[in-house]
Amino acid sequence: MLWYYVIMDIAEIDKLPLAERFSKRVILKVSKIEKVEQHPGGSFLYILSLNTGDEEPRQIVSSIVEFYKPEELINKNIVLVYNLKPANFRGVRSNGMLLAASDPNVTDKETCEVIFAPQFEVGTILEPEGFNPPEEELCYVKPDKFFDMPLYTKDGFVELDGKKICADGKYLTVEI
């Protein structure tokens, strides 16, 4: 028997409702910060080593030095944009990005709140309410495409297009 697989074109995905588009393009994975180092070439950058539930640790670079001390981050569960296209920051490769919130009324980057996820196990994939994690690995998402799908907080919950971000009946929350 011959099987035909239909692969949805990226242009078709971009026409979908926001939450559905997000679920087809972005992997949010709960990860634990295992190591925090000061970036040797950037005073405002940390190099974070993460346990994502995969065999190998994952490294990201994050500009949160002025907001957090290493001891405030170590052994904390965070939300990682797992399939963000890798980038180099002053010679160090970053394989993803942590989710953080800022006050939209402050324009000079005075606020930054890392979204911690202690209620989830390492490796948990988070999705908008009503959607399931992808069954196959998704390709990289470019930062501009990720930022075109804005996440926000409402009443202490992280949401996208009116749908709470969740997994296994638990919701991603922030302190307000």
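**Aromatic rings and nonpolar cores**

Phe 146 is a buried residue, with a relative accessibility of 5%. The structure is a predicted model. Four aromatic pairs are counted in it. Its largest nonpolar core has 22 residues. The points below take the rings, then the charges, then the cores.

**Phe 146 and its partners**

- Phe 146 pairs with Phe 147, and the ring centres are 5.3 Å apart.
- The planes of these two rings meet at 70 degrees; an angle over 60 counts as edge-to-face, so this pair is edge-to-face.
- Phe 147 has a relative accessible area of 52%. The cut-off for exposed is over 50%, so Phe 147 counts as exposed.
- Phe 146, at 5%, falls under the 20% limit and therefore counts as buried.

**Phe 157 and Tyr 171**

- Phe 157 and Tyr 171 form an edge-to-face pair. Their centres are 5.9 Å apart, and their planes stand at 85 degrees.
- This pair links distant parts of the chain. Phe 157 sits in strand β12 (residues 157-160), while Tyr 171 sits in strand β14 (residues 170-171). The two residues are 14 residues apart.
- Phe 157 has 24% relative accessibility, so it counts as partly exposed.
- Tyr 171 is also partly exposed, at 30% relative accessibility.

**Charges over rings**

- Lys 164 lies over the face of Phe 157, at 4.2 Å from the ring centre.
- Arg 58 lies over the face of Tyr 82, at 3.9 Å from the ring centre.

**The largest core**

- Which residues have the most contacts inside the largest core? They are Val 26, Leu 28, Val 79, Leu 126, Phe 146 and Leu 172.
- The elements α2 (18-25), β1 (28-38), β4 (77-81), β12 and β13 (163-167) each supply at least two residues of this core.
- Helix α2 gives the largest share, three residues.
- Leu 172 touches residues from several places in the sequence, including Val 79, Ile 115, Phe 116, Leu 126 and Ile 165. Phe 157 is also among the residues that Leu 172 touches. Residues up to four places away in sequence are not counted here.

**A separate core**

- Another core lies apart from the largest one and has 17 residues.
- Among them are Ile 27, Leu 50, Leu 98 and Val 114.

Note on methods. Residues numbered from 1 in each chain as written. Predicted model: local features only at pLDDT ≥ 70, side-chain atom pairs only at ≥ 80, totals over all residues. Heavy atoms only, no water. Phe/Tyr/Trp six-rings, centres within 6.5 Å; stacked < 30°, edge-to-face > 60°. Buried < 20%, exposed > 50% of the residue type's maximum accessible area, 1.4 Å probe, protein only. Helix = DSSP H or I, 4+ residues; strand = E, 2+ residues; numbered from the N terminus. Lys NZ or Arg CZ within 6 Å of the ring centre and 35° of its normal. Core = buried A, V, L, I, M, F, W, Y, C linked by side-chain atoms within 4.5 Å. Contact = heavy atoms within 4.5 Å.
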